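Let's learn to read a structure together, one feature at a time. Please have the sequence and the 3D view open as we talk.

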Amino acid sequence: MGDCEATLPVMEDEEKLIVAALQIVKALEKKKNLTHDARKILADLGSQLSSLSENKPEKLFGETEDTIEKFSELEEQLNIVQNKVMSWEVDQSVIWDCGPEYADDYLRSVDEARKLIERLESLNVDKDSKEDELLCRAHEVMLIAMNRLEEEFRHLLVHNKQPFEPEHMSFRSSEDDEGSIVSFGDDSVEDVVQRDSMSRRSEEYVVELVHPDVIPDLRCIANLMFNSNYGRECSQAFISVRKDALDDFLFILEVEKLRIEDVMKMEWNSLNSKIRRWIRCMKIFVRVYLASEKWLSDQIFGDLDSVSSVCFAESSKASILHLLKFAEAVAIGSHQPEKLIRILDMYEVLSDLIPDIDALYFDDAGLCVRTECQDILGSLADCARTTFLEFENAVASSISTNPFPGGGIHPLTRYVMNYMKTLTDYSKILNKLLKDNEQEDLVAISPEMTPDREEDNSNRICYISPLAQHFRSFTSILECNLDDKSKLYKDESLGHLFLMNNIHYMAEKVKNSHDLRTILGDDWIRKHNWRFQQNAMNYERATWSSILSLLRDEGLQNPGSNSISKTLLKERLQSFYLAFDEAYKSQTGWSIADCQLREDLKISISLKVIQAYRTFIGRHTNHISDKYIKYSADDLENFLLDLFEGSPRSLHGSHRK
């Protein structure tokens with residue numbers, strides 16, 4: 001650079017300095033060992049210097065230069081540009097595949113054509129004049145060049161697209177192995193209602209969807225096309241290519257394009273699977289893929305004001321609206337109880353993503369997406385509220401015509417309690433949704449209304465959350481339903497055992513769940529502990545009181561004396577054995593699922609029966625022969641261990657000799 005400066009003539013004004021600088025730039029550009037980045041820097045510097053020169057107030061045909069000579073100079077420049085542009089049209093090669101020096105040279109030539117057009121247009125030349133003909137020819141060259149640049153732009157975007165790495169979609173392999181929500185009242189196993197644990201996973205990072213090496217080239221093409229008034233063609237090319245890429249990504253995620261009516265007719269198992277796929281897809285799609293798409297758009301169009309946000313919105317809104325339409329179809333569908341958990345998951349995911357979506361579609365170009373998100377969030381909220389309230393009606397209307405075999409825990413009890421336990425994960429959302437629907441009440445607590453009453457302050461005033469009110473209602477309705485089901489048993493004692501089993505299950509479920517315990521309270525647990533204990537006592541009375549009454553002395557005396565009748569004693573003992581055998585035969589088939597409850601009840605029965613039997617046999621040992629004693633006390637104690645195992649048995653023991 002020092003040699004160049006030494007040979008510069010003395011400059012008298014600013015314009016001559018600019019011309020000299022341009023000459024230096026052109027001289028440097030001819031060096032063959034320049035890097036790609038250095039060539040771009042020189043090209044940008046040349047463009048800026050040319051712009052400074054063009055902004056000078058002098059006209060195209062200066063006062064000190066000959067008009068014809070100046071016109072010939074411009075025509076020669078256009079001829080050079082035209083030859084370069086047309087040579088690529090004959091070759092049909094992809095310019096950017098031939099090397100960076102060819103791409104840079106082509107961009108410089110097209111930029112020179114742009115500047116020629118600007119200078120000619122600034123003259124307001126007469127129609128049909130030589131200058132006008134030159135301008136028309138320059139526009140024709142520019143049109144050909146812009147078409148070529150549009151093709152090159154598409155080519156760079158398409159052939160440098162990078163795949164979305166499989167690890168970003170690792171959820172897909174395990175999706176079908178996870179639990180699902182069965183239909184209401186199904187004969188289900190424990191804890192059938194499961195929350196989708198992945199619904200809360202937050203994925204936030206940007207990936208390179210197009211190879212980073214071509215981003216500067218894409219940006220140069222975009223800037224040149226927009227500066228040449230061909231911005232619409234450039235943006236449409238980007239939108240078209242990236243829209244296809246988004247469609248491909250949804251295809252990879254196996255997101256089907258379903259109509260609303262198709263979703264509404266879908267069987268629950270299939271719909272449940274698709275909802276879970278939607279839940280997993282949404283966060284990755286918005287926080288990773290769309291965030292990356294916005295970043296790509298900003299990298300290419302970031303120098304062009306609002307162009308980036310418009311291109312991003314136009315290329316991506318069809319895909320995001322398609323995903324939102326699925327949520328809308330689910331929201332306007334039926335309100336089966338099994339849908340509630342998934343609806344709440346969808347509501348939670350969309351609610352969490354709305355700030356991200358608002359940030360991505362922040363201006364007027366994305367208004368329709370922001371509006372659609374809010375509308376569908378409202379639809380999901382309405383659906384969740386309605387489904388939640390319908391659940392209460394479903395519990396109340398669950399009618400049985402036959403008693404539940406063995407008196408065990410009814411599937412309805414399991415379903416309702418597990419359902420409530422799962423809903424505690426959504427207590428914040430549900431309280432908000434229910435409070436929006438009905439004003440949170442200020443309740444005066446009375447002994448009949450709530451188990452949260454304190455004995456020394458039965459008229460205290462407290463706030464009860466909407467969810468707590470509904471949970472108490474659920475359990476009350478469930479207990480009424482269980483009472484009705486207990487009346488289906490012909491054996492009164494089995495009805496009491498059924499209530500004992502189910503109310504004990506409810507109490508244990510609440511006691512062992514921190515969230516349920518917090519919502520329903522320790523007083524609720526104490527109240528239901530007392531209730532199942534009452535049913536246990538009612539069972540013992542209904543079954544064993546009549547049997548143990550046979551081991552009393554009343555009615556055993558001979559008529560007219562106080563002596564014991566051996567005949568009556570023998571008959572009484574035989575009646576006891578028959579009653580015990582019948583109780584054993586039926587109650588070994590009855591079921592108590594909870595091990596501790598089963599053992600406690602066996603111990604309670606054993607203490608009463610064995611004590612009464614030993615006392616009776618001991619008191620009458622002199623009045624009755626051993627051959628009439630069918631079982632020893634130890635035999636009875638062992639037999640009682642077989643009760644409530646859910647497998648009916650019969651006693652085949654013989655009389656003792």
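Q: What share of the 657 residues in the protein chain is buried?
A: Buried means under 20% relative accessible area, exposed means over 50%, and partly exposed lies in between (1.4 Å probe, protein chains only). In this protein chain, buried residues make up 48% of the 657 residues. This is a predicted model, in which local features need pLDDT of at least 70 and side-chain atom pairs count only at pLDDT 80 or more, while totals for chains, interfaces and linings use all residues. Residues are numbered from 1 along each chain as its sequence is written, and side-chain values use heavy atoms, with hydrogens and water left out.

Q: How many helices and strands are there in the protein chain?
A: Helices (H or I, at least four residues) and strands (E, at least two) are DSSP runs, numbered from the N terminus. The protein chain has 22 helices and two strands.

Q: What part of the contacts in the protein chain comes from residues 24 or more positions apart?
A: Contact means heavy atoms within 4.5 Å. Among contacts with a separation of 6 or more, residues 24 or more positions apart account for 80%.

Q: How do I read a pair of packed helices?
A: Two packed helices are described by the angle between their axes and the distance between the axes. Axes are lines fitted to C-alpha atoms, for helices over the stretch in contact, and angles run from 0 to 180 degrees between N-to-C directions. Take helix H12 (residues 340–360) and helix H13 (residues 367–396): their axes come within 9 Å and cross at roughly 155°.

Q: Which residues meet between H12 and H13?
A: On the H12 side they include Leu344, Tyr347 and Ile354, and on the H13 side they include Cys373, Leu377 and Phe388. By class, the contact of H12 with H13 has 17 nonpolar, three polar and two charged residues. Here Ala, Val, Leu, Ile, Met, Phe, Trp, Tyr, Cys and Pro count as nonpolar, Asp, Glu, Lys and Arg as charged, and the others, Gly among them, as polar.

Q: Where does Tyr426 lie?
A: Look in the loop between helix H14 (411–423) and helix H15 (427–437). Tyr426 counts as buried because its relative accessibility is 0%. The C-alpha atoms of Tyr426 and Leu344 are separated by 7.5 Å, although these residues are 82 apart along the chain. Leu344 is also one of the H12 residues that meet H13.

Q: How do the axes of H19 and H21 cross?
A: Helix H19 (residues 522–548) and helix H21 (residues 595–619) have axes that come within 11 Å and cross at roughly 30°. These helices are therefore roughly parallel to each other, and H19 passes H21 in a right-handed crossing. Residues in this contact include Phe532 and Trp544 of H19, and Leu601 and Ile605 of H21. Its class count is 10 nonpolar, one polar and two charged residues.

Q: How many salt bridges does a search of the whole structure find?
A: A salt bridge is a side-chain nitrogen of Lys or Arg within 4 Å of a carboxyl oxygen of Asp or Glu. The search finds 34. In one of them, Glu118 pairs with Arg114, the closest N and O atoms being 2.7 Å apart. Both residues lie in helix H5 (residues 100–121), four residues apart, about one turn of the helix. Glu118 is partly exposed at 36% relative accessibility, whereas Arg114 is buried at 12%.

Q: Where is Phe644 found, and is this residue buried or exposed?
A: Phe644 sits in the segment after helix H22 (633–640). At 1% relative accessibility, Phe644 counts as buried. Phi of Phe644 is near 65°, a positive value in a residue other than glycine.

Definitions and conventions. Angles under 35 degrees count as roughly parallel, over 145 as roughly antiparallel, 65 to 115 as roughly perpendicular and the rest as oblique. A crossing is left-handed if the near helix is turned anticlockwise from the far one by less than a right angle, and right-handed if clockwise.
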